[in-house]
Amino acid sequence: MTRAFHPTFQVPRATLADDLMALTIDVQQLWKSYEGKPALQGLFLDAHAGEIVGLIGPNGAGKTTTLKILVGLLRPDYGVVRVKDHDVLVDPVSYKADIGYMPEAPTLPEYLTPSEFLGYVGRIRNLPKERLAVRTRELLTILDLAPKADETIASLSKGMKAKLAFAAAIIHEPSILILDEPLIGIDPAGQHLLKERLTRIARSGGTVLVSTHQLDTAERLCHRVAIVNHGRNVATGSLESLRASVDSGEHASLEEIFLRLTQEATVPEAETPRRRGWFRRG
Ligand code: ATP
């Protein structure tokens, strides 16, 4: 097996304005193995206030593992994880108040109604009673769930459940939103609503990190994308800078660039932080 792998490169971001925005997600040298099998092998990832960053990669590339580490559901073997300058691995609790997370396959309490569920999440998130009532009404209306507000979650369709999970992720208006495949199962109108919401969050200074296999959506929605494969960075940048860096035409789609970069790469030999001169954390 060859060790050749497409080199990691960081290309300039699209606009000068981005450079002025604060770094809110800072992941460095992230390593994680499951039962000795490497899932992440020295991954870097960053995102800034006002930015939507897409995390894309083939199945098994390590996207969900990365997002779970960021929200504190998993601990890495090694690495630095900072959210708004907060060291997540040193203090894994307090930063969560400012994070919204939508997992890949959300498990919802089927016996509650959407109103009850959002009320429950809002109380955990310490929303004042009046604000919670307004926010619940607002989100159920925006996401077209108002007609189902008082029926059990068990009676909702798959797409409705996904929209409800999205509502739960943003009910406390977090400034960092982490979404794992949020558009799966949602109809085109719902997807449009969600994307509009994400754009609005970023415009108001929030950070959105979203993993997706929908490359046409990532192309239109994200300011930058991070392409990962085999738990490593392949390339990161705006569509324009990725096009330039792989020397593709000025009209090349993200899909074309993605396929080229991920298919060019040969499977890298598994490494450990120790082999790279890094040492296991804790
Ligand atoms: P997909 O696009 O298919 O959702 P992904 O990029 O999100 O994939 P991960 O789910 O992070 O990838 O998985 C990365 C690697 O880690 C894969 O090889 C996967 O099989 C492995 N893995 C993930 N979770 C576990 C687990 N709980 N136990 C063992 N191996 C796991």
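In the predicted model, helix H3 (114-124) packs against helix H5 (residues 158-170). On the H3 side, the contact is formed by Pro 114, Phe 117, Leu 118 and Val 121. These residues meet Leu 164, Ala 167 and Ala 168 in H5. By class, this contact has 7 nonpolar residues, with no polar and no charged ones. The two axes come within 9 Å and cross at roughly 25°. Angles under 35 degrees count as roughly parallel, and H3 and H5 are therefore roughly parallel to each other. Their crossing is right-handed.

H3 also packs against helix H4 (residues 129-142). Here the axes come within 10 Å and cross at roughly 135°. That angle makes H3 oblique to H4. The crossing of H3 and H4 is right-handed. From H3, the contact draws on Pro 114, Ser 115, Leu 118, Gly 119, Gly 122 and Arg 123. H4 contributes Leu 132, Thr 136 and Leu 140. By class, the contact of H3 with H4 has 4 nonpolar, 4 polar and 1 charged residues. Pro 114 and Leu 118 of H3 take part in the contact with H5 and also in the contact with H4.

H5 has a further helix partner, H6 (residues 188-203). The axes of H5 and H6 lie 11 Å apart, at an angle of about 15°. H5 and H6 are therefore roughly parallel to each other. H5 passes H6 in a left-handed crossing, whereas H3 and H5 cross in a right-handed sense. Lys 163, Phe 166 and Ile 170 represent H5 in this contact. Their partners in H6 are Gly 190, Leu 194, Arg 197, Leu 198 and Ile 201. The contact of H5 with H6 comprises 5 nonpolar, 1 polar and 2 charged residues.

H3 and H5 also take part in the lining of the largest pocket. This pocket has a volume of about 510 Å³. Of its 21 lining residues, the closest to the pocket centre are Tyr 101, Pro 103, Val 121, Arg 125 and Ala 168. Strand E6 (99-102), H3 and H5 each supply at least two residues of the lining. H3 gives the most, with 4 residues. The lining divides into 17 nonpolar, 2 polar and 2 charged residues. Val 121 and Ala 168, both among the residues closest to the pocket centre, also belong to the contact between H3 and H5.

Conventions
Residues numbered from 1 in each chain as written. Predicted model: local features only at pLDDT ≥ 70, side-chain atom pairs only at ≥ 80, totals over all residues. Heavy atoms only, no water. Axes fitted to C-alpha atoms, helices over the stretch in contact; angles between N-to-C directions. Parallel < 35°, antiparallel > 145°, perpendicular 65-115°, else oblique. Left-handed = near helix turned anticlockwise from the far one by under 90°. Contact = heavy atoms within 4.5 Å. Nonpolar A, V, L, I, M, F, W, Y, C, P; charged D, E, K, R; others polar. 1 Å grid on protein atoms, 1.4 Å probe; cavity = no way out; pocket = protein on both sides within 12 Å on 5 of 7 lines; lining within 4 Å. Points joined across faces, edges and corners; volume = space filled by probe spheres on them.
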